[in-house]
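Look at the sequence and the model together, and follow the paragraphs below in order. They go through one chain, then the other, and end where the two chains touch.

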Amino acid sequence: MRRLLCGVMLLAAGAAWAASPAPKLKAGTFEPARVAPEIVQKAADGSTFKLSALRGKVVVLEFGFTHCYEVCPVSLAMLAEARKRLGADAGQLQVVFISVDPERDTPERMKSYLAQFDKGFVGLTGTPEQMAAIRKDYGITATKHPTAGSKTEYQMGHSSYLYFVDKQGKLRALMPYGRPADDIVHDVKLLAKE
Amino acid sequence: MKKRIVPVLLLIALAAPLLWAALAPIQPATRDKLFEIPKGTWERRMAGKNEEILPDRITLTLGVRDVLHLRNNDTVPQIFGPVLIMPGQDFRLPFEQAGEHPFACTAHASGQMTVVVEEAPAAGWPRLRWRFQTLLNHFA
């Protein structure tokens, strides 16, 4: 009788576990997810970057520029913090920072800028045409806003979302600007488990 | 004695659903608020027809209906904020903070839409009012 009771309880627990909803990503999600547009570009360190070569890792793409003083530094700091919080699993996350201001973002500048946050971040810059082609594939616009009182200085208006590419290379999710590092950790862990 | 019980029972019968509506937690079957971009939207826009297919302002409620769900049934990609939604694709964006969020949106003639996210209605009068309003909207 006791065994029967234990069996019933185990079955009930199993059914409850199976019925519990799967944990959801905190970011905005696509259904069905499409393969992330390929990016082949010379990285800031001189190597050739190919997005599809990162299958097996969770990739977070951030579009930004090194002269940004509002959004980009905050997002990069959050991503660096997320990598710290991932601890031994930090290798499962690859952050790629894609310049929307290639005229000022030289490879050397990108490299030293990103190293302030995390030496593992990859920076991509190139000709304006190359970077515009990447933005077009992801549906992103970037516009120049001249700084008041200056003929040379400007800021760039651009998407502040983080783009999550899963281990199969699919564009799975977008996280709005301003979410805490724990949200990034949460979603990276979920995608890394799949 | 019997004469006294009847009005008391009537009062309880009236008060019980009101109390339930004011105090019971809201447990929606889905937290998605779905909006569909119908097939032919882009063609109609190109033909100069600017009828609105989505509201300019979308209101969401935290904890109840706080996931904006966009479905692109059109034959061309649509841009919502920084998001490129491909034909036949759904995009779900959960919100966790109350406030107003403006987005660029190619499905709007104006190119803009605003998502207003409200706090979850607290127990008591706000929750009762929220349930009453939802019921009215259902029949409207």
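What share of the contacts in chain B with a separation of 6 or more comes from residues 24 or more positions apart? The share is 62%, where two residues are in contact if their C-beta atoms, placed from the backbone, lie within 7 Å. This is a predicted model, in which local features need pLDDT of at least 70 and side-chain atom pairs count only at pLDDT 80 or more, while totals for chains, interfaces and linings use all residues. Residues are numbered from 1 along each chain as its sequence is written, and chains are lettered from A and ligands numbered from 1 in the order in which they are written.

Chain B contains 3 helices and 8 strands; helices (H or I, at least four residues) and strands (E, at least two) are DSSP runs, numbered from the N terminus. Read from the N terminus, the order of elements in chain B is α-β-α-β-β-β-β-β-β-β-α. The C-alpha trace of chain B spans about 75 × 30 × 25 Å along its principal axes. Its radius of gyration is 21 Å, whereas a compact globule of 140 residues would have one near 14 Å. That radius is taken over C-alpha atoms, and the globule rule is 2.2 Å times the number of residues to the power 0.38.

Of the 140 residues in chain B, 18% are buried. A residue is buried if 20 or more other C-beta atoms lie within 10 Å of its own, exposed if 12 or fewer, and partly exposed in between, with C-beta atoms placed from the backbone. Arg45(B) lies in helix H2 (residues 41-46) of chain B. Why is Arg45(B) classed as partly exposed? Because 18 other C-beta atoms lie within 10 Å. Arg45(B) and Ala107(B) are 62 residues apart along the chain, but their C-alpha atoms are separated by 8.8 Å.

Chain A has 5 helices and 10 strands, and 36% of its 194 residues count as buried. Helix H2 (residues 72-86) of chain A has 15 residues, which at 1.5 Å a residue should span 21 Å, and its end C-alpha atoms are 21 Å apart, in agreement. The expected span is 1.5 Å times one less than the number of residues. The buried residues of H2(A) are Cys72(A), Ser75(A), Leu76(A), Met78(A), Leu79(A), Ala82(A) and Arg83(A). They cover an arc of only 155° around the axis, so they are on the same side of H2(A); the arc is that of the directions from the helix axis to the C-beta atoms. An α-helix has 3.6 residues a turn, so residues three or four places apart point the same way. Strand E4 (58-64) and helix H5 (181-193) of chain A are among the elements that cover the buried residues of H2(A). After H2(A) comes Gly87(A), with a positive phi near 55°.

In helix H4 (residues 128-138) of chain A, the buried residues are Met131(A), Ile134(A) and Tyr138(A). Their arc is only 55° around the axis, which puts them on the same side of H4(A). Pro128(A), Glu129(A) and Lys136(A) are exposed on the face turned away from that buried side. The buried residues of H4(A) pack against E5 and E9 of chain A together with strand E5 (83-85) of chain B.

Where the chains meet, 13 residues of chain A are in contact with 12 residues of chain B. Strand E1 (residues 28-35) of chain A gives the largest share of chain A's side, 6 residues. E1(A) pairs with strand E6 (residues 90-94) of chain B in the antiparallel sense over 3 bridges; two strands pair if DSSP finds at least two bridges between them. Thr29(A) has Arg92(B) as its bridge partner in E6(B).
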